[in-house]
Amino acid sequence: MRTLYLLLLLLAAMLTAVTFLNWEVFVTPTELSLGFASVSLPLGLLLLSLLVLLTVIFLVHAVYLQGTVLLDTRRHTKELQTHRELADKAEASRFTALREFIAAELATQAARQTEAQQALLARIAELEQATQTLTEQTGNSLAASIGELEDRLERGLPAPER
């Protein structure tokens with residue numbers, strides 16, 4: 001981009017030098033036909049004026065385009081910032097919702113675990129009670145059988161057949 005500006009500046013300097021060196025030729029009047037009339041004007045000065053006019057129009061147009069691009073860029077930047085803020089807020093709300101969901105699920109899991117632990121402890125206590133009852137019954141049954149055998153031995157009765 002700098003080389004383009006440098007080239008344009010060099011061309012303008014060359015045009016200025018040629019104009020000053022040939023000023024007399026530029027201001028010499030010449031008969032010009034406009035199609036419907038003829039006028040006597042300096043052709044070089046007319047062409048130089050048209051070149052300057054076109055250059056000014058080009059520069060104004062370039063400045064206008066640059067200004068509209070800058071305004072559009074600012075507008076797009078503001079819109080992008082607004083959308084970015086909306087996305088950040090949406091993401092934050094999603095994180096908050098996720099955090100709440102995880103907390104609720106952890107609380108549910110903890111309640112389920114507590115219920116399962118209580119049910120397991122109740123079942124263990126029930127099985128212990130059943131084992132203790134069975135052990136007592138077995139002990140009583142064994143004691144009764146031993147007592148019966150002792151009684152038979154003392155009386156001298158034969159053992160029952162199985």
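**Reading salt bridges, a pocket and a surface patch**

Modeller: Asp72, Arg75 and Glu79 are linked in a network of salt bridges, a salt bridge being a side-chain nitrogen of Lys or Arg within 4 Å of a carboxyl oxygen of Asp or Glu. This is a predicted model, in which local features need pLDDT of at least 70 and side-chain atom pairs count only at pLDDT 80 or more, while totals for chains, interfaces and linings use all residues. Residues are numbered from 1 along each chain as its sequence is written, and side-chain values use heavy atoms, with hydrogens and water left out.

Biologist: How far apart are the closest N and O atoms of Asp72 and Arg75, and where do Asp72 and Arg75 lie?

Modeller: The closest N and O atoms of Asp72 and Arg75 are 3.4 Å apart, and both residues lie in helix 3, three residues apart, which is about one turn of the helix; helices are DSSP runs of H or I with at least four residues, numbered from the N terminus. Arg75 also meets Glu79 in a salt bridge, at 3.4 Å from N to O, and these two are four residues apart in helix 3.

Biologist: Is Arg75 buried or exposed, or in between?

Modeller: Buried means under 20% relative accessible area and exposed over 50%, with partly exposed in between (1.4 Å probe, protein chains only). Arg75 is partly exposed because its relative accessible area is 41%.

Biologist: What is the volume of the largest pocket, and which residues are closest to its centre?

Modeller: On a 1 Å grid over the protein atoms alone, a pocket is an open set of points where a 1.4 Å probe fits, with protein on both sides within 12 Å along at least five of seven lines, and lining residues have an atom within 4 Å of a point. Here the largest pocket has a volume of about 530 Å³, and of its 15 lining residues the closest to the centre are Tyr5, Leu8, Thr55, Phe58 and Leu59. Helix 3 gives the largest share of this lining, eight residues.

Biologist: Which residues form the nonpolar patch on the surface?

Modeller: Such a patch joins nonpolar side chains (Val, Leu, Ile, Met, Phe, Trp, Tyr) within 5 Å, from residues with over 30% relative accessible area and no salt bridge. In this model the patch consists of Leu41, Leu43, Leu46, Leu47, Leu50, Leu53, Leu54 and Ile57, with about 700 Å² of accessible area together, by the Shrake-Rupley method. Seven of the patch residues come from helix 3 (residues 43-155), and Leu53, which lies in that helix, is partly exposed at 47%.

How values were computed
Patches are made of residues with over 30% relative accessible area and no salt bridge: like charges are joined within 9 Å, nonpolar side chains (Val, Leu, Ile, Met, Phe, Trp, Tyr) within 5 Å. Accessible areas come from the Shrake-Rupley method with a 1.4 Å probe; for residues, only the protein chains shown count as cover. Grid points are joined across faces, edges and corners, and a volume is the space filled by probe spheres set on the points.
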